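Reader: I'd like to learn how to read the features of a model like this one. Could you walk me through them?

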Amino acid sequence: MAIVNYSRTLAVLLAFAGLAGPGSNVGAQTPGSAPVEFTAAERSFIQRHPVIRHGYEPDWPPFEFLDESGAFSGVAADYLRYVERKTALVFEA
C-alpha cells in the first residue's frame, strides 16, 4: 500500500484522472462517460499501488473534515470518490 501526502498529491491525482490541468474541461464528463486512458507508466503505477493511503485535515470544512459519524467528508473526499470511479485506485484514510 502506498502512503501519500494528500495535500501534495491532490492536483496530481486530479490531473492523472483527467479532471484538471491545462486544456481540461472540468465537469464536462458525466459519471459513466468514457473511462480515462492511461499511459503505460500510469497503468504500471496503478497495478503496483492499487490502494493509496492518504492523510487529511480533520477540521477544514468544506474541504476536508470528519462528519458526525467520523467518516472523511468534504470536497476532497468527493474528488477522491470520483477518481476511484474513473480509475482502478482505492483511497484509504
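**Sheet, rings, charges and core**

Author: Let's begin with the sheet: three strands form an open one, ordered β3-β4-β5, with antiparallel pairing. The edge strands are β3 and β5, as each pairs on one side only. Strands here are DSSP runs of E with at least two residues, helices are runs of H or I with at least four, and both are numbered from the N terminus. Bear in mind that this is a predicted model, where local features need pLDDT of at least 70 and side-chain atom pairs count only at pLDDT 80 or more, while totals for chains, interfaces and linings use all residues. Residues are numbered from 1 along each chain as its sequence is written, and side-chain values use heavy atoms, leaving out hydrogens and water.

Reader: How many bridges join β4 to β5?

Author: In general, strands of a sheet pair through backbone hydrogen bonds, either parallel or antiparallel. Two strands pair if DSSP finds at least two bridges between them. Here, strand β4 (residues 64-66) is joined to β5 by two bridges, and they run antiparallel. L66 stands opposite F72 in β5.

Reader: And the rings? Which residue forms an aromatic pair with F72?

Author: A pair of aromatic rings is described by the distance of the centres and the angle of the planes. The cut-offs: rings of Phe, Tyr and Trp (its six-membered ring) pair if their centres lie within 6.5 Å, with planes under 30 degrees apart called stacked, over 60 edge-to-face, and the rest tilted. The structure holds two such pairs. In one of them, Y56 and F72 are tilted, at 4.8 Å centre to centre and 35 degrees between the planes. Y56 sits in the loop between β2 (51-54) and β3 (59-60) and F72 in strand β5 (residues 72-73), so the pair ties together parts that are 16 residues apart in sequence.

Reader: Is F72 buried or exposed?

Author: Buried, with a relative accessible area of 15%; the word means under 20%, exposed means over 50%, and partly exposed lies in between (1.4 Å probe, protein chains only). W60 is partly exposed at 47%, and F63 is partly exposed at 39%.

Reader: What about charges: which residue forms a salt bridge with R81?

Author: Side chains of opposite charge can pair when their charged atoms come close. The test is a side-chain nitrogen of Lys or Arg within 4 Å of a carboxyl oxygen of Asp or Glu. The structure holds one salt bridge: R81 with D78, the closest N and O atoms being 2.4 Å apart. Both lie in helix α3, three residues apart, about one turn of the helix.

Reader: Which residues make up the largest nonpolar core?

Author: Such a core is a set of buried Ala, Val, Leu, Ile, Met, Phe, Trp, Tyr and Cys residues joined through side-chain atoms within 4.5 Å. The largest has eleven residues: V36, F38, I46, I52, F72, A76, A77, L80, V83, L89 and F91. Its largest share, four residues, comes from α3.

Reader: Where does T87 lie?

Author: T87 is in the loop between α3 (75-86) and β6 (90-92), and it is buried at 11% relative accessible area. A polar atom of the T87 side chain lies 2.8 Å from the backbone oxygen of V83. The backbone nitrogen of L89 lies 3.1 Å from a polar atom of that T87 side chain.

Definitions and conventions
A polar contact is a pair of N or O atoms within 3.5 Å; within protein, one must be able to donate a hydrogen and the other to accept it, and residues adjacent in sequence count only if both atoms are side-chain atoms.
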